[in-house]
Amino acid sequence: MEYRRLGKAGIKVSELSLGSWLTFGNQLDVANVKACMREAFNHGVNFFDNAEAYANGLSESLMGLALKEYRRTDLVISTKIFWGGNGPNDRGLSRKHILEGTWESLKRLQLDYVDLIFCHRPDPETPIEETVLAMDYVIRNGLAMYWGTSEWSAEQIEAAHKAAKELNCIPPTMEQPQYNMFVREKVEKEFKPLYEKYGLGLTTWSPLASGLLTGKYNNGIPEDSRLAKFKSLAERMKENGLLSDENIEKVKKLSNIAKDLGASMPQLALAWLLKNPNVSTVITGASRVEQVKENMKAVEVKEKLTEDIMQEIEKILNNKPE
Ligand code: NDP
């Protein structure tokens with residue numbers, strides 16, 4: 001397992017990490033959370049991702065129980081603040097919700113601090129200066145080490161840097177965007193100027209497009225799968241064109257490349273992401289230990305992805321952002 005710097009920051013994250021969205025507290029109980037985290041850790045994973053919104057806080061509580069088995073300094077733990085409940089001040093990026101949300105998250109995680117804290121979405125109803133000042137407070141008071149954004153536009157990230165400079169505040173270090181073989185625009189095009197200019201680090205999500213890139217949806221939706229369990233997600237993925245016949249045809253073609261390499265389709269899809277040097281860590285997700293085991297082997301498959309094979313993949317994908 002390679003450890004990469006989070007952009008230009010000094011902290012190092014494992015190139016593959018493990019997240020908890022839809023799994024911890026929904027599909028995984030505490031025993032299985034512990035087992036998945038242990039499997040990932042034994043493969044060299046040091047970064048575990050969470051959010052106040054996941055399973056309405058239960059995901060953080062379960063991770064908190066699992067964390068007791070580790071030395072704190074061996075781990076990089078994140079959470080994200082934005083959706084903390086239904087009250088008018090339970091959501092968004094006001095100073096009030098950032099601080100209250102962070103305190104509550106830390107209680108559930110049973111930690112004094114998280115390493116990374118993200119603004120889970122942009123908040124058009126809070127001035128950027130207020131959010132930047134609140135995050136600066138969070139860092140300077142030791143509640144988190146680094147702050148970042150998730151699913152913000154390049155323009156919004158630039159605005160945060162500008163405000164931080166003017167206010168003498170700590171600027172954001174990292175962004176958490178979706179990135180997989182079918183969703184490439186932000187990481188490969190929109191954010192391009194930010195890597196050099198600000199040393200932006202990336203912790204990327206949904207590397208398998210919720211499982212689409214495993215090939216499990218090639219012949220419909222199997223009963224024991226994410227899209228069968230979370231029907232509104234399946235609907236959303238149909239609406240935004242991710243779950244389409246065209247993409248499934250591509251997965252079928254990519255599977256042949258995986259086979260030739262002696263790899264599985266999920267391993268190929270993860271290894272392909274690891275080839276991008278602007279990605280600090282690829283956050284994987286898993287509903288069972290066997291998936292963690294399989295996915296971690298992507299670091300070996302990465303070594304097999306020569307220029308020629310990358311070109312072959314590009315030809316099949318045919319979606320490189322111009
Ligand atoms: P993926 O796109 O990789 O989807 C993971 C799911 O795919 C698993 O839960 C499992 O679902 C299936 N799967 C994974 N590996 C395999 C395998 N080897 N074989 C068969 N099926 C497999 O990642 P996620 O969408 O889960 O995202 C990863 C993490 O990113 C999240 O946990 C979260 O921490 C973060 N995230 C952040 C977001 C943000 O807004 N910042 C948004 C979304 C995620 P199943 O078995 O149930 O079919």
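Helix H4, which spans residues 128-140, packs against helix H5, residues 154-166, at an angle of about 70 degrees and with the two axes 9 Å apart. Helices here are DSSP runs of H or I with at least four residues and strands are runs of E with at least two, both numbered from the N terminus, while axes are lines fitted to C-alpha atoms, for helices over the stretch in contact, with angles running from 0 to 180 degrees between N-to-C directions. H4 and H5 are therefore roughly perpendicular to each other, on a scale where angles under 35 degrees count as roughly parallel, over 145 as roughly antiparallel, 65 to 115 as roughly perpendicular and the rest as oblique. On the H4 side the contact is made by Ile 128, Glu 129 and Val 132, and on the H5 side by Ala 159, Ala 160, Ala 163 and Ala 164, where contact means that the C-beta atoms, placed from the backbone, lie within 7 Å. These residues divide into six nonpolar, no polar and one charged, with Ala, Val, Leu, Ile, Met, Phe, Trp, Tyr, Cys and Pro counted as nonpolar, Asp, Glu, Lys and Arg as charged, and the others, Gly among them, as polar.

This is a predicted model, in which local features need pLDDT of at least 70 and side-chain atom pairs count only at pLDDT 80 or more, whereas totals for chains, interfaces and linings use all residues. Residues are numbered from 1 along each chain as its sequence is written.

A second pair is formed by helix H10, residues 245-260, and helix H11, residues 265-274, which pack at an angle of about 90 degrees with their axes 9 Å apart. The contact is made by Val 251, Leu 254, Ser 255, Ile 257 and Ala 258 of H10 together with Met 265, Gln 267 and Leu 268 of H11.

Turning to the strands, eight of them form a closed barrel that runs S3-S4-S5-S6-S7-S8-S9-S10 with parallel pairing, two strands being paired if DSSP finds at least two bridges between them. From one strand to the next, the twist averages 30 degrees.

Methods
Contact = placed C-beta atoms within 7 Å.
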